[in-house]
Amino acid sequence: MNALRDFRTRRRLAVDAVVVLAAVVMIFPVYWMFATAFKPPGQVLSLTPQFVPWPPSTENFTRTLAAPEFLTFLRNSLVVSLITVVLSMAVAVAAAFATVRFAFGGRRTLLAVLVLVQMIPGSAMVIPLYLMLRDIGALDMLPGLVLTYLSFVLPFTVWNLRAFVAGVPVELEEAAMIDGCDRLQAFRRVVLPLLAPGIVVTSVFAFINAWDDYLFAYVLMRSQENYTLPVWLVSFSTAPQVDYGETIAASAIFSLPVLVFFLFLQRRLVGGLAAGAVKG
Amino acid sequence: MALQTQGAVSLGPDRGESREPAPARDRRSRLPYGLVAPAVIVLAVTLGYPVVRLVVLSFQKFDSRSLFTGEAPFVGVANYTDVLADPAFWAVLGRTVVVTAACVAAMMALGFALARALTRTSAWARLVFVVCLVLVWAMPMVSAALIWQWLFQPQYGVANWMLTQLGVFGDLTARDWFSEPGPALVLIIVLIVWKGLPFVILTMYAALLQIPSALYEASGIDGAGAWQTLRRITLPLMRPVLAVLVVLEVIWSVNSFTPFWVLTQGGPSGQTTTVSVYAYVQAFTANDYGAGSAISVITIALLSVFAVLYVRRLTKGGEVA
């Protein structure tokens, strides 16, 4: 038995080693982003890279934040993403509720369409959306950008909320109605509070989808004061002399909220994914 | 686009134990229509109209003059025949197929190996790995592409320094990978795989956990070896999940735009262009919106094969019941 136990221990150690090695390789680019961002500007471009930023410096960050346009782009990104989330949530909760709780003609078609449209490439959608916004004179305007974001955020939002609506036992709703609530009250007092976590999670994902968009903002926003952060970041990197300290620090600032959101949602990402997502 | 990370995949709570209750049976009620109406109206404006416009555009001659005069004569299928007769399109399509196949194959193979490792590793190593995966998953594609550019920067990038230190490939301290089509494509594929792996690993891991351990015990008693267990138990039970992952990853890889655009803009001289970039370039750089639309419609038609497979899968699983 001892030999077997030895073999098992050794095998587990080998697996641990592989997993840790994979973790190091995977996380390295993310680490390198923060390591570069925290270097004193003189150390960023060195022929022998320094793996730990020592002494750490926030100068790259202060320079990024001091760029006069930065706050404008941050505000544009925030406003566009938040409005997109609020608008799509406002219509998605009702639609998700209806497609889970009611049988009605066209329901299956609607659901199939919701999935299929998420497969359309952004580079295909951007052509007609560009011409459409041009026709109504909404090119280079933030509300126009919100309109285009709804085209991919809304289907995702409805689809994702459905799983959460289905998780609310219909019996609770029925009980509330027996107790004298009408349908709307039952929804407001019973379903909505239970749906709150789902709404938060879905909102975070919807926010990230809009926050991360580059293509639409790049094509539709022409004047610099309407750029969002991704457009600005990329324009940074195509400048003839790239200031990597500043570019990477800006990327770190841009990524940080998303990294925090995801860590916060980590449990849900790992645990509840398979059955809801890809059960076959 | 941004959908790359989540797309149509539901991230809701586990629906394994609490099945979706049968929808209420009041078929004549108008309430459900009232509830979906706002969403349907928004979708019709932001999605329905543009898709129709895209298809119409693909039959029109729409160039930079049309932008100002508003005149766009119908030209029948001329855009399609022009695109299909252009050897450049076939080169782009071939490249897209190769890039997609490489991305999906690498993601599935690495994903499966690492998901299996994840089920066998110690709790602390699992936690470390999962946190790393979640962080990589969370990285915005724009930031990731910029970091790639920095990692592989010719003089000061850490990758060239490491490769030179290895000493196997000689002195690489000034090699500009993104100026050569082959290496540029490889690095873009590595970026897409790196960014896509967390989703694949975590999905496969969750699916592996759902295989009852009794099956493994039984096969062990019956004397099945590791390879047989893998082939006869693990892979067949994982098939639905694997199929859905392949479909999703094919679609996401073909639709991928940002990594190509940020790192090479499809160059040098169009040699790293895939269909997504090609449609964009035809429309917005060459100002041939008709051709760009035709390329997009062809791409969507090819992808819809995969999309329909995916919807079938979901329908079978009761998701779209």
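Me: How many helices and strands are there in chain B?
Reply: Chain B of this predicted model has 13 helices and zero strands.

Me: What share of chain B is buried, and what share of its contacts joins residues 24 or more positions apart?
Reply: Of the 321 residues in chain B, 48% are buried. Among contacts in chain B with a separation of 6 or more, 66% link residues 24 or more positions apart.

Me: How should I read a nonpolar core, and which residues touch the most other members here?
Reply: In soluble globular proteins, nonpolar side chains tend to be buried together. Here the largest nonpolar core holds 185 residues, and B:Leu133 and B:Ile201 touch the most other members. Helix H8 of chain B, residues 181–209, supplies the largest share of this core, with 18 residues.

Me: Which residues is B:Leu133 in contact with, leaving aside its neighbours within four places in sequence?
Reply: On that basis B:Leu133 is in contact with B:Pro198, B:Ile201 and B:Leu202, and also with A:Met26 of chain A.

Me: How many residues are in contact between chain A and chain B?
Reply: On the chain A side there are 105 residues, in contact with 100 residues of chain B. H1(A) gives the largest share of the chain A side, 15 residues. By class, that side divides into 74 nonpolar, 22 polar and nine charged residues.

Me: How do I read the packing of two helices, say H1 of chain A and H4 of chain B?
Reply: Look at the distance between the axes, then the angle, then the handedness. The axes of H1(A), residues 2–37, and H4(B), residues 87–120, come within 9 Å and cross at roughly 125 degrees.

Me: Which residues meet where H1(A) and H4(B) touch?
Reply: From H1(A) come A:Val15, A:Val18, A:Val19 and A:Ala22, which meet B:Leu114, B:Ala117, B:Leu118 and B:Arg120 in H4(B). By class, this contact has seven nonpolar residues, no polar ones and one charged.

Me: Where does A:Val52 lie?
Reply: A:Val52 is in the loop between helix H2 (41–44) and helix H3 (59–66) of chain A. A:Lys39 is 13 residues from A:Val52 in sequence and 8.4 Å from A:Val52 in space, C-alpha to C-alpha.

Terms used
Residues are numbered from 1 along each chain as its sequence is written. Chains are lettered from A and ligands numbered from 1 in the order in which they are written. This is a predicted model: local features need pLDDT of at least 70, side-chain atom pairs count only at pLDDT 80 or more; totals for chains, interfaces and linings use all residues. Axes are lines fitted to C-alpha atoms, for helices over the stretch in contact, and angles run from 0 to 180 degrees between N-to-C directions. Helices (H or I, at least four residues) and strands (E, at least two) are DSSP runs, numbered from the N terminus. Two residues are in contact if their C-beta atoms, placed from the backbone, lie within 7 Å. Ala, Val, Leu, Ile, Met, Phe, Trp, Tyr, Cys and Pro count as nonpolar, Asp, Glu, Lys and Arg as charged, and the others, Gly among them, as polar. A nonpolar core is a set of buried Ala, Val, Leu, Ile, Met, Phe, Trp, Tyr and Cys residues joined through C-beta atoms within 7 Å. A residue is buried if 20 or more other C-beta atoms lie within 10 Å of its own, exposed if 12 or fewer, and partly exposed in between; C-beta atoms are placed from the backbone.
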